Amino acid sequence: MYAFEYHRPASVKQAADLASQFEDSKFLAGGHTLLPTMKLRLAAPANLVDLGQIAELRGIERSGSTVTIGAMMKHAEVANSGDIRSSIPALAEMAELIGDPHVRNRGTIGGSIANNDPSADYPAACLALNATIVTDRRKIAADDFFQGIFSTALDEGELITRVAFQTPKQAAYAKFRNPASRYALVGVFVARHADGVRVAVTGAGSNGVFRVPEMEAALNLSFTPEALDGISVSTDAMNSDIHADAAYRAHLVGVMARRAVQAAASRS
Amino acid sequence: MTTVSLTVNGQSVTADVDPRTLLVQFLRDNLRLTGTHVGCDTSQCGACVVHLNGQAVKSCTVLAVQADAGTVTTIEGLSQGGDLHPMQAAFREHHGLQCGYCTPGMIMSAVDIVNRKGHSLDEETIRAELEGNLCRCTGYHNIVKAVAAGAQAMGQTPLPQAAE
């Protein structure tokens with residue numbers, strides 16, 4: 001890894017000031033993507049702004065139909081949160097499927113979303129749970145936030161502070177894991193809200209996380225796995241690599257969607 | 001250079017480090033605690049697992065400066081005096097190792113599993129919880145047996161006061 005200057009701000013304001021002061025800077029959250037990327041010299045920021053000591057970026061809050069999670073909350077903390085287990089169990093279960101126990105002790109929700117890895121789990125949860133991504137400057141709807149592989153609506157130096165999830169009536173996440181990396185080969189998050197069903201797919205799309213309107217329309221009429229019979233996603237927009245080709249990924253989207261609907265529908 | 005102050009295996013340590021120093025490099029190269037191993041160096045194999053503030057982490061993917069003011073326990077800090085920690089004794093008893101390279105990380109992960117999940121661990125739980133630790137010799141079978149036995153033993157014997 002190339003050398004860098006290290007900064008440890010105590011507040012969001014200080015972090016934002018540092019990021020604007022130093023042009024070539026990166027925020028360091030859990031570091032479980034950024035540090036490996038720097039080791040490989042694929043990234044070489046001159047300045048690292050460590051968010052680890054900023055109390056404002058922590059905490060889980062439940063109010064009305066919304067659950068808000070601080071950007072620096074770790075996957076293990078989300079997985080083990082009583083508030084999340086009781087309000088959106090599918091979200092806690094999703095967090096428990098990320099990486100391995102050690103990764104879950106370091107990786108953060110804010111880091112995952114800001115990175116928008118095409119195989120990451122959180123982007124699917126954000127889309128399906130109609131999340132609002134709150135930054136130090138504004139609020140961004142999840143539908144507008146994810147803009148393609150490793151690409152988001154965040155401006156230079158803009159910092160995610162919290163993520164607010166809409167509590168669904170029923171939801172579930174079905175993930176087909178790559179057994180080596182534990183990333184999603186295909187992951188489908190299905191959530192049934194008062195105003196309609198949302199189906200979000202990660203791991204499969206060549207342009208990152210996406211929703212499936214045909215499935216949502218069918219599930220709005222009947223929230224059953226059978227409602228998805230005959231609906232398929234196009235192989236044109238699927239990833240294809242040594243782990244799974246496009247046709248297999250497209251097939252898995254259907255299988256995982258049905259499993260997620262089955263699991264969601266069986267929740268009281 | 002940046003100053004870091006840590007408590008490592010009960011000892012206070014302060015040093016000036018290059019910010020890019022990984023926690024595992026700091027432990028091995030600065031403190032000469034070479035029980036913690038570097039295997040893959042890509043946060044997959046788990047040979048570098050230590051406890052940071054009571055949680056198991058991969059020390060190849062944590063900067064030493066991120067651990068500032070924290071408490072670290074390495075494999076060297078598990079036992080006190082000449083007696084093996086019950087988990088170490090279980091790995092010896094059940095032949096939970098062959099070359100031994102992954103063993104420090106396996107044992108630190110195993111103790112963390114017991115801390116979170118208790119003393120009665122079934123095989124499925126152990127295998128799922130060890131998914132971040134790779135062993136290329138044993139086929140895991142004896143490791144799983146050792147973790148189950150070590151977990152039981154940790155519940156029975158009065159524990160030597162661990163450094164953390």
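Me: Where helix 2 of chain B passes helix 5 of chain B, is the crossing left-handed or right-handed?

Reply: This is a predicted model, where local features need pLDDT of at least 70, side-chain atom pairs count only at pLDDT 80 or more, and totals for chains, interfaces and linings use all residues. Residues are numbered from 1 along each chain as its sequence is written, while chains are lettered from A and ligands numbered from 1 in the order in which they are written. A crossing counts as left-handed if the near helix is turned anticlockwise from the far one by less than a right angle, and right-handed if clockwise. Here helix 2 of chain B crosses helix 5 of chain B in a way that is right-handed.

Me: And at what angle do the axes of those two helices, helix 2 and helix 5 of chain B, cross?

Reply: Helices (H or I, at least four residues) and strands (E, at least two) are DSSP runs numbered from the N terminus. Axes are lines fitted to C-alpha atoms, for helices over the stretch in contact, with angles running from 0 to 180 degrees between N-to-C directions. Helix 2 covers residues 86-93 of chain B and helix 5 covers residues 141-156. Their axes come within 8 Å and cross at roughly 145 degrees.

Me: What classes of residue make up the contact of helix 2 with helix 5 of chain B?

Reply: A contact needs C-beta atoms, placed from the backbone, within 7 Å; for the classes, Ala, Val, Leu, Ile, Met, Phe, Trp, Tyr, Cys and Pro are nonpolar, Asp, Glu, Lys and Arg charged, and the others, Gly among them, polar. Helix 2 of chain B brings P86(B), M87(B), A89(B), A90(B), F91(B) and E93(B), and helix 5 of chain B meets them with A146(B), A149(B), G150(B), A153(B) and M154(B). By class that's nine nonpolar, one polar and one charged.

Me: Which element gives the largest share of the side of domain 1 of chain B that touches domain 2 of chain B?

Reply: Going by the domain assignment (bounds are automatic or from a database), chain B has domain 1 at 2-77 and domain 2 at 86-156. Their C-alpha centres lie 21 Å apart, and 14 residues of domain 1 of chain B touch 11 of domain 2 of chain B. Three residues, the largest share on the domain 1 side, come from residues 49-52 of chain B, which is strand 3.

Me: What gives the most to the side of chain B that touches chain A?

Reply: Chain B puts 19 residues into the contact and chain A puts in 16. On the chain B side, four residues come from the top contributor, residues 55-58, known as strand 4.

Me: Which helix gives the most to the side of domain 1 of chain A that touches domain 2 of chain A?

Reply: Chain A splits into domain 1 (5-50) and domain 2 (57-265), with 26 Å between their C-alpha centres. The contact uses 11 residues of domain 1 of chain A and 15 of domain 2 of chain A. Five of the residues on the domain 1 side belong to residues 12-21 of chain A, that is, helix 1.

Me: What radius of gyration does chain B have?

Reply: Chain B holds five helices and five strands, and its C-alpha trace spans about 45 × 35 × 25 Å along the principal axes. The globule rule is 2.2 Å times the number of residues to the power 0.38, with the radius taken over C-alpha atoms. For 164 residues a compact globule would come out near 15 Å, and chain B agrees, at 15 Å.

Me: Same thing for chain A: what radius of gyration does it have?

Reply: Chain A has 11 helices and 12 strands, in a C-alpha box of roughly 55 × 45 × 30 Å along the principal axes. With 268 residues, a compact globule would have a radius near 18 Å, and chain A agrees, at 18 Å.

Key:
Contact = placed C-beta atoms within 7 Å.
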